[in-house]
Amino acid sequence: MNRRETTEARQAREQQYSEDARRLRDFPAFSAFSDDDLARIARATHRTSTSGPWPLIREQTPSDACYILLSGEAGVYVGQERIAVVGAGEVIGESALRHGKLRNATVTTTGKAEVLHIGRDDFSRLLDEVPALRKTMDETVARHVPKAVTENPG
């Protein structure tokens, strides 16, 4: 009986990975990725759902993961001021993770949301294994970093 449960659990996990990869393909940032690249990314993630506002990242804390927002929205705050709202398909927290810096903002979901959590080691490995991801992250950082610098010079 344990063997059957293990097989069922494995099948459920593989089905979730396939679903996550399919959902990633729907976002412009991931639409040109190969099926293999999307499968690698999905297998390196952990899906989490929130039923209400939930802080994903806290300002001035060490970076240990980044997130891909599958559904919902998240507010980006520096101090108490909201400087942006990001939606589904956005990668969150990649800059501090890549550069080993403290988080420069707090990011909190605004309500129900689904996110893919990618730990530091998995993210680093994926950047080496999936060139399209590295390119996408470079583009994402270029979009996000100037916003934070413009909003908070010095």
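Start by selecting Asn104, which counts as partly exposed because its relative accessibility is 48% (buried means under 20% relative accessible area, exposed over 50%, partly exposed in between, with a 1.4 Å probe and protein chains only). You'll find Asn104 in the loop between helix H3 (94-99) and strand S7 (106-109). Helices (H or I, at least four residues) and strands (E, at least two) are DSSP runs, numbered from the N terminus.

A quick note before moving on: residues are numbered from 1 along each chain as its sequence is written, and side-chain values use heavy atoms, with hydrogens and water left out. This is a predicted model, where local features need pLDDT of at least 70, side-chain atom pairs count only at pLDDT 80 or more, and totals for chains, interfaces and linings use all residues.

**The sheet**

Next, show the open sheet of 4 strands, in the order S1-S8-S3-S6 with antiparallel pairing (two strands pair if DSSP finds at least two bridges between them). Strands S1 (46-50) and S6 (91-92) stand at the edges with a single partner strand each, so one side of each has no neighbour in the sheet. Select S8 (residues 113-119), which pairs with S1 over 5 bridges. Ser49 stands opposite Glu114 in S8, and Ser71 also stands opposite Glu114.

Which strand is mostly covered? Pick S3: 6 of its 7 residues are buried. S3 is joined to S8 by 6 bridges and to S6 by 2 bridges. Click on Ile68, whose bridge partner in S6 is Val91.

**Helix H4**

Last stop: in H4, select Phe123, Leu126 and Leu127, which are buried. Looking down the axis of H4, you'll see its buried residues fall within an arc of 100°, so they line one face of the helix (the arc is that of the directions from the helix axis to the C-beta atoms). Now turn to the face of H4 away from its buried side, where Asp121 and Asp128 are exposed.
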